[in-house]
Structure formats: C-alpha cells, structure tokens
Amino acid sequence: MGVLNVTPDSFSDGGRFLEAGAAIAHGVDLHARGADLVDVGGESTRPGAGRVPAEEELARVLPVVAGLVAAGVPVSIDTMRASTAVVAVEAGACIVNDVSGGLADPDMHAAVAGLDVPYIAMHWRGHSDAMDDLARYDDVAVDVIRELRARADAAMAAGIPLRRIVLDPGLGFAKNADHNWAILQRLPNLLAQGYPVLVGASRKRFLGSLLADPEGNPRPLEERDAASDAVTAIAAAMGVWGVRVHAVAGSRDAVRVADAWRRGSEHG
C-alpha cells in the first residue's frame, strides 16, 4: 500500500502532493513501482495535528481518487469520516482505511456495511492532538489486541462481514517507541486472531530514534526507508496482509525476498 497524503502537514510528505495533478502523478508512479493499492488521505494524522473540516477533506481527496481510478490505479481511502468514505467509494475507491476503527465517527461502520468493500480498522485511542497522552498500557500487545477485537466486533455488529475486515495495530498512534517494538515482536499474536493484518511503520518516529546519530539526533525522515524495508521483510515473512509505505520499490523487493524465503524458491 503506497501512501499518498493530499495534505499540507503530513509528517513525511506534507505539501508535496496537495495539488491534485501532482498527487495523481505520484499515485500513478507509486502503482508503477509496485504498489498494489494507493492509499489517499486528506487529513494529517501526524502527532499534534488538528482536524480539518469534512468539506475540505473531501475537496482534497475526491479529484485524486477519481483521477487515479480513471488511470487504472486501485485506491483505498484513508479517512475517519463516513461521509468521505461513501463519496470516495462511489468515485471508485475499493477499500476504506479508517485509522480510528470507527471510534471517530459513529456512522462509519454502518456506512461501510452498505458499501461492499473491505474495511481496515486501526487501533486508535484519540485524535492526533491528544494521542501521546493516551499511551498507557498494562501490556501493550494484549491491550491492543483486545481493543482491536472490540473494533472488529463492533464492525460486524453493524453489518460488515468478517471476511471484509482487516486489522492494523496502529504503530505510533498513542504508542511510544518501546510500545511499537513490543507490538512488532508479538505480531504473531495479532495474526493468530485470524484477521488479515496491515502494518504501517514507514518512516515513523520510532525508526528515527532507533537510528539516531551519536548526539541523539533522529535519522532524517527520508533516510529511514532501509529500516522501513526491513520491517516490511520481517512482517511479510510472518504473513501479514499488507504494509503501508512511502517508498514502494524497496518494500516491494522486500516482499519478494520474504515470499521466496518462505517458499524456498523464487517461483510461486
């Protein structure tokens, strides 16, 4: 899954693709480099980010979704709003990626139930401007899995079939670096729940801090792609459904390596 932020303030590429033509061109390039899906979002979820009005979010993403679909690119819509999800799917998006797992909009699950598309529910405890204060757990892996199962149960109760639900542990969302590493270490526990799993580690703070220089300065954002690819390789070898990344080519290669390693052959 290639990341396409149609925002001025996303943590890695905010402002680079705010104009629809630039965003469409980048999405086409992500697909050409190996992205199976291009994940289009119009609202930043970086730490500390505030919300944007629904009308602005939709104005950012709709022309991009429509343009990518017209170019033959499979698109997921990254939104916490049911209204945006519905319009984007009507425009051709084939997956709804909701980082709040339905907690930000009580209408989301019912809306997605009527759309006949897969639904990605991420672990989330609150909006970006408050989430760092919510990073408190008894056992982070156990708590995240329990809370994700509750989101899946709520989605099914609203009419979304089990077969259409994907879970995302939400690395970096109300989690510090040690929380993220603990979740990744126990990723098999989440996979054992029986749901497809999406992992989004690309360029995040915990990779920057891991790779900090001797003075403690985090590795710059665009120099974190090799570490992101390493996460992709390990996650793919474990059998995750997908990874969400900014730089597609390296992660695509990592997936191919993991697949060959798992099969013991380069041929499927």
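1. In this predicted model, helix H10 makes the greatest contribution to the lining of the second largest pocket, supplying six residues. Strand S8 joins H10 among the elements that each supply at least two residues to that lining.

2. The second largest pocket holds about 350 Å³ of space, and of the 19 residues lining it, those closest to its centre are Met1, Asp36, Trp241, Gly242 and Val243. Sorted by class, the lining of this pocket comprises eleven nonpolar, four polar and four charged residues.

3. Helix H9, which covers residues 225-238, has 14 residues and should therefore span 20 Å at 1.5 Å a residue, and the 20 Å that separates its end C-alpha atoms agrees with this. After H9 comes Gly239, with a positive phi near 105 degrees.

4. Within H9, the buried residues are Asp225, Ala227, Ser228, Asp229, Val231, Thr232, Ala235 and Ala236. Their cover includes helix H7 (187-191), strand S7 (198-199), helix H8 (205-210), strand S8 (242-243) and helix H10 (248-263), and both S8 and H10 also take part in lining the second largest pocket, as described in the opening point.

5. Three cavities of 30 Å³ or more are counted in the model, and the second largest cavity contains about 50 Å³ of space. Helix H5 (140-157) and H7 are the elements that give two or more residues to the lining of this second largest cavity, with H5 providing the largest share, three residues.

6. The residues lining the second largest cavity are Ala141, Val144, Ile145, Pro169, Ile183, Arg186, Leu187 and Leu190, and by class they divide into seven nonpolar, no polar and one charged.

Note on methods: Residues are numbered from 1 along each chain as its sequence is written. This is a predicted model: local features need pLDDT of at least 70, side-chain atom pairs count only at pLDDT 80 or more; totals for chains, interfaces and linings use all residues. Side-chain values use heavy atoms; hydrogens and water are left out. Helices (H or I, at least four residues) and strands (E, at least two) are DSSP runs, numbered from the N terminus. The expected span of a helix is 1.5 Å times one less than its number of residues. Buried means under 20% relative accessible area, exposed over 50%, partly exposed in between (1.4 Å probe, protein chains only). Contact means heavy atoms within 4.5 Å. On a 1 Å grid over the protein atoms alone, a cavity is a set of points where a 1.4 Å probe fits but cannot get out, and a pocket is an open set with protein on both sides within 12 Å along at least five of seven lines; lining residues have an atom within 4 Å of a point. Grid points are joined across faces, edges and corners, and a volume is the space filled by probe spheres set on the points. Ala, Val, Leu, Ile, Met, Phe, Trp, Tyr, Cys and Pro count as nonpolar, Asp, Glu, Lys and Arg as charged, and the others, Gly among them, as polar.
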